[in-house]
Amino acid sequence: MSSDKPKSAVILLSGGMDSMVSAGIAREQGYELCALTIDYNQRHRIEIEAARKIAAHLEVDRHIVLPLDLSQFGGSALTDDIDVPKSGVGSDIPVTYVPARNLIFLSLTLGWAEAVGAHDIFIGVNALDYSGYPDCRPEFIDGFERLANIATKDGDQRCGFTIHAPLQHMTKADISREAERLGLDAGLSWTCYDPGADGKACGLCDSCRLRKAGFAEAGLTDPTLYAA
């Protein structure tokens with residue numbers, strides 16, 4: 001006998017546009033949404049408030065903001081006393097890479113998903129305009145899904161997990177267009193790694209540059225207020 005009850009999904013919601021669009025796609029596909037935001041004591045803490053606004057905008061069933069102070073580890077310009085690069089997007093893994101961040105965050109998302117009986121997890125990574133982060137690659141997503149299904153009770157009982165990365169092969173321009181198609185307010189999302197005291201985005205970090213270029217290529221207006 002089939003059930004008419006919608007399936008549940010847990011969304012890893014950072015407050016950025018990628019995670020917002022990923023969540024919007026999950027909602028469009030008929031999932032009931034729970035959203036997990038990790039407060040890892042990041043430099044750009046304004047994105048946590050952005051995540052709260054997005055969760056309200058998407059009317060998620062439950063939104064958890066989970067504290068996890070990765071500044072205790074350091075090792076990244078987002079969690080340590082290291083300058084955020086402003087000279088342009090390079091080809092190497094940048095110092096804004098947070099060691100094992102998506103692995104840690106997906107593990108926490110998986111734990112909550114199993115606890116609430118959700119077997120679908122959405123994450124907003126993409127492998128094209130991704131600043132070189134290894135934990136955004138398709139190989140990582142595929143590997144984590146395999147791990148999830150051998151490391152959990154639900155996986156052992158053959159009712160395992162699917163890790164959805166619907167933006168995996170999109171450019172930032174594609175993602176901007178998708179936000180527009182879904183009727184999402186891109187102005188709620190936050191991208192900048194190094195916001196000023198006035199709350200404006202720096203406009204020069206890798207993340208700002210990729211966002212601006214994506215909107216420009218898509219022929220859409222970027223609602224972000226930039227200092228530069």
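What share of the contacts in the protein with a separation of 6 or more comes from residues 24 or more positions apart? The share is 72%, where contact means heavy atoms within 4.5 Å. What you see above is a predicted model, in which local features need pLDDT of at least 70 and side-chain atom pairs count only at pLDDT 80 or more, while totals for chains, interfaces and linings use all residues. Residues are numbered from 1 along each chain as its sequence is written, and side-chain values use heavy atoms, with hydrogens and water left out.

**Overall build**

- The protein has seven helices and five strands; helices (H or I, at least four residues) and strands (E, at least two) are DSSP runs, numbered from the N terminus.
- Starting at the N terminus, the order of elements is β-α-β-α-β-α-β-α-α-β-α-α.
- The radius of gyration is 17 Å, close to the 17 Å that the globule rule gives for 228 residues, so the protein is as compact as a globular protein of that length. That radius is taken over C-alpha atoms, and the rule is 2.2 Å times the number of residues to the power 0.38.
- Along the principal axes, the C-alpha atoms fill a box of roughly 60 × 40 × 30 Å.

**Surface and charge**

- Of the 228 residues, 49% are buried, meaning under 20% relative accessible area, with exposed being over 50% and partly exposed in between (1.4 Å probe, protein chains only).
- The accessible surface is about 10900 Å², and carbon and sulfur atoms account for 50% of it. Those areas come from the Shrake-Rupley method with a 1.4 Å probe, and for residues only the protein chains shown count as cover.
- There are 21 positive and 32 negative charges, and their mean positions sit 1 Å apart. Lys and Arg count as positive and Asp and Glu as negative, leaving out His and the chain ends; each charge is placed at NZ of Lys, CZ of Arg, CG of Asp or CD of Glu.

**Nonpolar cores**

- In soluble globular proteins, nonpolar side chains tend to be buried together.
- The largest nonpolar core here holds 38 residues, and I123 and I141 touch the most other members. A core is a set of buried Ala, Val, Leu, Ile, Met, Phe, Trp, Tyr and Cys residues joined through side-chain atoms within 4.5 Å.
- β1 (8–12), β2 (32–39), α3 (101–116) and α4 (138–148) each supply at least two residues of this core, and α3 gives the most, with five.
- Neighbours within four places in sequence aside, I141 is in contact with L106, I123, V125, I163, A165 and Q168.
- A second, separate core has 27 residues, including M17, V21, F122 and A179.

- D18 belongs to helix α1 (residues 17–28) and is buried, at 17% relative accessible area.
- Beyond four places in sequence, the contacts of D18 are G124, N126, L167, K172 and I175.

- C192 is in the loop between α6 (172–181) and α7 (206–218), and its relative accessible area of 1% makes it buried.
- R101 lies in helix α3 and counts as buried at 16% relative accessibility.
- Leaving out residues up to four places away, R101 touches Y40, L78 and D135.
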